[in-house]
Amino acid sequence: MDEPSRPPEDRGHMIRRRALTLLIIVLLTGIPAGYLVISANQSRASGKDKEAKYAATGLVHDWPSRVQRRLYQVEIPMDGTYVAYYETNNWKTSRLYVQFSTSNAGLDQFLANIGAGAGALKKNDIAISTRDQRVVGWKFAGPGPWAGLTHAQKNPAPSLDVVVDQHVPARPMVYVVSRTVP
């Protein structure tokens, strides 16, 4: 039995069919290819950011991540400015060095968060060791309105050494070394 023959395809129909086929091919290959390019660029940028972060050999003028602040129990007051940090890790001890300027209310809040009050600060007590000062280039020398405290905690909770520079009474500068033993 012979099937009825179709009328020949007109030119307009053929062009629309081929255009639709081309569009489908472009979409099926172009969208995944575009996604791969974008993803690769984001991954590459992320790697460069991480490389710069872990290649740091001194204070980084930025806020530590929330995870770092929580792990090392260093809650920087919201009005904190001139924030900088540096983290060191080895098989024995991990340390987070943080500095920031804050208001007197912010200092009181910070001290309350670590379980101490303003009365816990001892005048002229440089609680941060010379070794830790050298790591990040801090110098607490000369006469000055320095105050400090050591907030020791049982492992694995971090112990904090704090020095407060009160040269500018309205905006004390706070230096913290939080040390934890994994």
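**Entry 1: the ring cluster**

I started with the aromatic rings: Tyr86, Tyr97, Trp138, Phe140, Trp146 and Tyr175 are linked into a cluster by ring pairs. Two rings of Phe, Tyr or Trp (its six-membered ring) pair if their centres lie within 6.5 Å; planes under 30 degrees apart count as stacked, over 60 as edge-to-face and the rest as tilted. I was looking at a predicted model, where local features need pLDDT of at least 70 and side-chain atom pairs count only at pLDDT 80 or more, while totals for chains, interfaces and linings use all residues. Residues are numbered from 1 along each chain as its sequence is written, and side-chain values use heavy atoms, with hydrogens and water left out.

How many aromatic pairs does the structure hold? I found seven. One of them joins Tyr97 and Trp138, edge-to-face, at 6.1 Å centre to centre with 65 degrees between the planes. Tyr97 sits in strand β2 and Trp138 in the loop between α4 (130–136) and β4, 41 residues apart. I noted for the names that helices (H or I, at least four residues) and strands (E, at least two) are DSSP runs, numbered from the N terminus.

Next I looked up Phe140 and Tyr175: their ring centres are 4.9 Å apart and the planes stand at 70 degrees, so this pair is edge-to-face. Phe140 belongs to the loop between α4 and β4 and Tyr175 to strand β6, so the pair ties together parts 35 residues apart in sequence.

**Entry 2**

I then traced the strands. They form an open sheet of six, in the order β1-β2-β6-β5-β4-β3, with antiparallel pairing. β1 (81–89) and β3 (122–123) stand at the edges with a single partner strand each, so one side of each has no neighbour in the sheet. For a pair of strands, DSSP must find at least two bridges between them.

I went through some of the pairs. β1 and β2 (residues 94–101) are antiparallel over seven bridges, and Asn89 has Ser94 in β2 as its bridge partner. β3 and β4 run antiparallel with two bridges; here Lys123 is partnered by Ala147 in β4. Six bridges join β4 to β5, also antiparallel, and Leu149 has Val162 in β5 as its bridge partner.

Which helix lies across β2, β4 (146–151), β5 (159–165) and β6 (173–180)? I found α3 (residues 104–113), running at about 15 degrees to β6. Angles run from 0 to 180 degrees between N-to-C directions, with axes fitted to C-alpha atoms, for helices over the stretch in contact (heavy atoms within 4.5 Å). In β4, five of the six residues are buried.

**Entry 3: Asp161**

I picked Asp161 in strand β5. At 7% relative accessibility, Asp161 counts as buried. Its side chain makes a polar contact of 3.1 Å with the side chain of Arg179. Beyond four places away in sequence, Asp161 touches several residues, including Ala127, Ile128, Leu149 and Tyr175. A polar contact is a pair of N or O atoms within 3.5 Å; within protein, one must be able to donate a hydrogen and the other to accept it, and residues adjacent in sequence count only if both atoms are side-chain atoms.

Terms used. Buried means under 20% relative accessible area, exposed over 50%, partly exposed in between (1.4 Å probe, protein chains only).
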